Amino acid sequence: SEERSLNFIEEIVEADISAGKHDGRVLTRFPPEPNGYLHIGHAKSICLNFGLAKKYNGKTNLRFDDTNPVKEDVEYVDSIKADVKWLGFDWAQELYASDYFDQLYDFAVTLIKADLAYVDDSTAEEIAAQKGTPTEPGTPNQFRSRSVEENLELFADMKAGKYPDGAKVLRAKVDLASPNMHLRDPLMYRIKHAHHHRTGDAWCIYPMYDFAHGQSDAIEKITHSICTLEFIPHRALYDWFIEQLSLFPSHQYEMARLNMTYTVMSKRKLLKLVEEGHVEDWDDPRMPTISGMRRRGYPAASIREFCERIGVAKRENMIDLSLLEFCVREDLNKNTWRRMAVLDPIKLVITNYPEGQSEVLVGENNPEVEGGDGEREIPFNNELWIEREDFMEEPPKKFFRLGVGLSVRLKNAYIVKCESFVKDADGNVTEVHCTYIPQSKSGSDTSGINVKGTIHWVSVAQAKTAEVRLYDRLFRVEDPSSEDGDFKEYLNPDSLQIINAYVEPDLANAEMGKAVQFIRKGYFNLDKHSTADKLVFNRTVTLKDGWKV
Ligand code: ATP
Ligand code: MG
Ligand code: MG
């Protein structure tokens, strides 16, 4: 790939390596919370974290940030591992923040002993009110001056399950007057009598994100801990805990999150779409999830290329969905086999081709590859399906397809000339009648006739039927999350169209994950619901943005 300038995180890493920081070692982590499926925003974080490690001879840990028992599940853990692998990355270690619960508890005890943490009996509302405002300092309550001994005992009792949810919290004693609200005695632990998908019922107190994340980084000796911009105000607290506990000095760096047009990218919102049945599941091909994009037929390499192109910014921005589709098309154009499928069929009868006769033509698999990447057989006879839009009763000038008196080439076959057509009682065209030119066979054409248009077709007798799912944007506005009201009001009611198509027989050999180009119609991937009796294809992307025939 071509040289590009370093992004700001690579600059930091290179400076650290030259300065000999951490002996030049690079260890990053990708820290998903297993409360949903990964989406394209996570792909950006994955490509960055694993990409840095690859580039600088380092490693990346996959760490599940599983400190909130209520919303987390092993189904999500499994899907996350599958998605990261599919994207093409291998982690050094598979780790869980919950494996550090004992160690985190000990860290909390250390802070209590240093009089840097206290048990607070206040309600959430009281704590919020006592925190003050950005312009006014907070006020200490009577719990802040509890003795170390009392705090140790109360914290042990919290852990032992003596108190109900919400009765007490453990807070860090930092600075109630700090201009950074996150330093005004932040919560470290809350009581939650909930079953955890890994630790079961061993714990009824759970650490807050701010107390778990930095310490987990430090335990693993992560050198560069990359998160998104909203965590900038958390960084002082991240550093404070590490300093007070004298831990490995992991450092947090923030980058802009990926936002993309015509979609939503929060797991909470994506879960709503699944739960309320607006989509089939997390892997619905309209979803911005990695599993949805895989099912739709996006190659992993095109997603990596997209992440490379958008780069790493320090400011929030909105990326156009069409850039992702551009990367998908570029990849598929180079790598897919071409096949013929008729999505809106009308019958073409070749009146001078003997009925009952047939022949086998051939077509190369991929014209983008030297030698065509092999070829497949295509049966041909006197009755074919063509696209309804390739015939016009009254063709305008420069219509280079079929109409009475006009000629086209049938792809990989012969030139045909339209002689007449048949209509039903409602006035719909049902058949187009043509004559073919026997000397015009593709590859051995001696007819001397030139035609401007080439159309695709399939043999009526040999075609397979297929259900074809055509997708449009999931939302009808660019940024559904910024609109008034519920984001679901902005769903595109026409995001899925299901049609029945006729496809060339070789498509019975199609494989999931090996997208094909339906000539003139776009790129398609076999769906997981496809069977030998009923082929099902998802349109991955059209051939061109806003392409018109
Ligand atoms: P969501 O808002 O979708 O729930 P999250 O940040 O809570 O996302 P996590 O599972 O905690 O989800 O994210 C794992 C990692 O992926 C974090 O480091 C997070 O910063 C990063 N990440 C999540 N969403 C994006 C995004 N849109 N762009 C870039 N990185 C992201
Ligand atoms: Mg998170
Ligand atoms: Mg979240």
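Helices (H or I, at least four residues) and strands (E, at least two) are DSSP runs here, numbered from the N terminus. I count two residues as in contact if their C-beta atoms, placed from the backbone, lie within 7 Å. The buried residues of H11 are Ser302, Ile303, Arg304, Phe306 and Cys307. My cut-offs are 20 or more other C-beta atoms within 10 Å for buried, 12 or fewer for exposed, and partly exposed in between, with C-beta atoms placed from the backbone. Just after H11, I found glycine 311 with a positive phi of about 70°.

I note that this is a predicted model: local features need pLDDT of at least 70, side-chain atom pairs count only at pLDDT 80 or more, and totals for chains, interfaces and linings use all residues. Residues are numbered from 1 along each chain as its sequence is written, while chains are lettered from A and ligands numbered from 1 in the order in which they are written.

**H6**

I checked the length of helix H6 (residues 148-160). At 1.5 Å a residue, its 13 residues should span 18 Å, and its end C-alpha atoms are 18 Å apart, which agrees. The expected span is 1.5 Å times one less than the number of residues.

Which residues of H6 are buried? I list Asn151, Leu154, Phe155 and Met158. They cover an arc of only 100° around the axis, which puts them on the same side of H6. The arc is that of the directions from the helix axis to the C-beta atoms. An α-helix has 3.6 residues a turn, so residues three or four places apart point the same way. The face turned away from the buried side of H6 carries the exposed residues Glu149 and Ala160.

The buried residues of H6 pack against H4, strand E4 (117-120), strand E5 (169-172), strand E6 (187-191) and strand E7 (205-207).

**H4 against H7**

I took helix H4 (residues 101-113) and helix H7 (residues 209-220) next. Their axes come within 11 Å and cross at roughly 110°. That makes H4 roughly perpendicular to H7, a label for angles of 65 to 115 degrees (under 35 is roughly parallel, over 145 roughly antiparallel, the rest oblique). Gln103, Leu104 and Phe107 of H4 make the contact with Phe211, Ala212, Gln215 and Ile219 of H7.

**H8**

In helix H8 (residues 235-244), I found Leu237, Tyr238 and Phe241 buried. They cover an arc of only 110° around the axis, which puts them on the same side of H8. What covers them includes H7 and strand E9 (251-255). Serine 246 follows H8, and its phi is positive, near 50°.

**Loop residues**

Most residues other than glycine have a negative phi. Histidine 22 has a positive phi of about 50° although it is not a glycine. I place histidine 22 in the loop between helix H1 (8-18) and strand E1 (27-30). It is partly exposed, with 19 other C-beta atoms within 10 Å.

Lysine 221 also has a positive phi, near 60°. Lysine 221 sits in the loop between H7 and strand E8 (224-228). With 14 C-beta neighbours inside 10 Å, lysine 221 counts as partly exposed.

Is proline 367 buried or exposed? It counts as exposed, with 10 C-beta neighbours inside 10 Å. I found proline 367 in the loop between strand E15 (358-364) and strand E16 (375-381).

Conventions: Axes are lines fitted to C-alpha atoms, for helices over the stretch in contact, and angles run from 0 to 180 degrees between N-to-C directions.
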